[in-house]
Amino acid sequence: MPVTDLPSRHPDAWRAATRHAFLGAVRDGTIPVAAFDTWLVQDARFVADLLRFQARLLARVPRPAQAVLAGGLVALVDELAWFEEQAALRGLDLGTPALPATAAYAELLGRLDDADVGTALTALWTIERTYLDAWSHARPGAEGYHAFVEHWTQPGFADYVAGLEAAADGVPAPDADAVFTEVVAAETAFWAMAQDSAW
């Protein structure tokens, strides 16, 4: 089963993760600045966790998948630098402790270190595909958020997600549905975190 079938196999979970109220509020401008900033700081922490997970995964994947993961690692390093720039502009402290949803996501990535390669690749594809589709739903973004939405929906990111799709399809997961639903639940909790803490 190709990984692209997974969203249609779990439509309710997929909609919750990619059509969350947080994204609609970014699109229409009703999101409080404090809520967005809370989410942004926590997302920077998540990207740092993802970088470590992906670096470890690179050493385990088959040779054909290495290039796309290596390219993704370079992009994550650049993304962390971009987060630092945004934090400086917005007066945010990226050293803020992880909120529960962020810590839970980090724990999930840690468990995926012990999963088979196919499961880990399916999870990575799910993470990035969810992010791409979610921010595409928020287009074009309200004033003050347009640049963020544009940053997370650029064509190069879509190409990267397509590369991860090929990598995941090349090493099928024993239970792709289980890891897919676990990741999209973590994504949904991550959007909701901003509402819970500052909305």
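## Helix 4 beside helix 6

The axes of helix 4 and helix 6 cross at roughly 5° and come within 10 Å of each other, where axes are lines fitted to C-alpha atoms, for helices over the stretch in contact, and angles run from 0 to 180 degrees between N-to-C directions. Helices here (H or I, at least four residues) are DSSP runs, numbered from the N terminus. The crossing makes helix 4 roughly parallel to helix 6, given that angles under 35 degrees count as roughly parallel, over 145 as roughly antiparallel, 65 to 115 as roughly perpendicular and the rest as oblique.

This is a predicted model, in which local features need pLDDT of at least 70 and side-chain atom pairs count only at pLDDT 80 or more, while totals for chains, interfaces and linings use all residues. Residues are numbered from 1 along each chain as its sequence is written, and side-chain values use heavy atoms, with hydrogens and water left out.

On the side of helix 4, the contact (heavy atoms within 4.5 Å) is made by Gln42, Arg45, Phe46, Asp49, Leu50 and Phe53, and on the side of helix 6 by Thr102, Tyr105, Ala106, Leu109 and Leu112. By class, the contact of helix 4 with helix 6 has seven nonpolar, two polar and two charged residues; Ala, Val, Leu, Ile, Met, Phe, Trp, Tyr, Cys and Pro count as nonpolar, Asp, Glu, Lys and Arg as charged, and the others, Gly among them, as polar.

## Two partners of helix 7

Helix 6 (residues 100-112) also packs with helix 7 (residues 117-137), at an angle of about 150° and with the axes 10 Å apart. Helix 6 and helix 7 are therefore roughly antiparallel to each other. Tyr105, Leu109 and Leu112 of helix 6 make this contact with Thr119, Ala120, Ala123 and Ile127 of helix 7, and by class the contact of helix 6 with helix 7 has six nonpolar, one polar and no charged residues.

Helix 2 (residues 11-18) and helix 7 have axes that come within 8 Å and cross at roughly 60°. Trp14, Ala17 and Thr18 of helix 2 take part, together with Arg129, Thr130, Asp133, Ala134 and His137 of helix 7. Sorted by class, the contact of helix 2 with helix 7 has three nonpolar, three polar and two charged residues.

## Aromatic pairs and the core

Rings of Phe, Tyr and Trp (its six-membered ring) pair if their centres lie within 6.5 Å, and planes under 30 degrees apart count as stacked, over 60 as edge-to-face and the rest as tilted. By this rule the count comes to 25 aromatic pairs. In one of them, the rings of Phe36 and Trp39 have their centres 5.9 Å apart and their planes at 40°, so the pair is tilted. Phe36 and Trp39 both lie in helix 4 (residues 33-58), three residues apart, about one turn of the helix. Both Phe36 and Trp39 are buried, where buried means under 20% relative accessible area, exposed over 50%, and partly exposed in between (1.4 Å probe, protein chains only).

Trp39 also pairs with Trp152: the centres of their rings are 5.4 Å apart and the planes stand at 85°, so this pair is edge-to-face. Because Trp39 lies in helix 4 and Trp152 in the loop between helix 8 (146-151) and helix 9 (155-170), the pair ties together parts that are 113 residues apart in sequence. The largest nonpolar core has 70 residues, and those with the most contacts inside it are Phe22, Phe36, Trp39, Trp135 and Trp152; a nonpolar core is a set of buried Ala, Val, Leu, Ile, Met, Phe, Trp, Tyr and Cys residues joined through side-chain atoms within 4.5 Å. Helix 4 gives the most to this core, with 12 residues.

## Individual residues

Val183 lies in helix 10 (residues 176-198) and is buried, with a relative accessible area of 1%. Not counting residues up to four places away in sequence, Val183 touches Tyr105, Leu108, Ala123, Thr126 and Ile127. Leu73, in helix 5 (residues 63-90), is also buried, at a relative accessible area of 13%, and with the same exclusion of residues up to four places away Leu73 touches Leu51, Gln54, Ala55 and Leu58.

Arg139 lies in the loop between helix 7 and helix 8 and is partly exposed, with a relative accessible area of 44%. A cis peptide bond, with omega about -5°, joins Arg139 and Pro140. Leaving aside its neighbours within four places in sequence, Arg139 is in contact with Arg27, Val149 and Thr153.

Notes:
Helix = DSSP H or I, 4+ residues; strand = E, 2+ residues; numbered from the N terminus.
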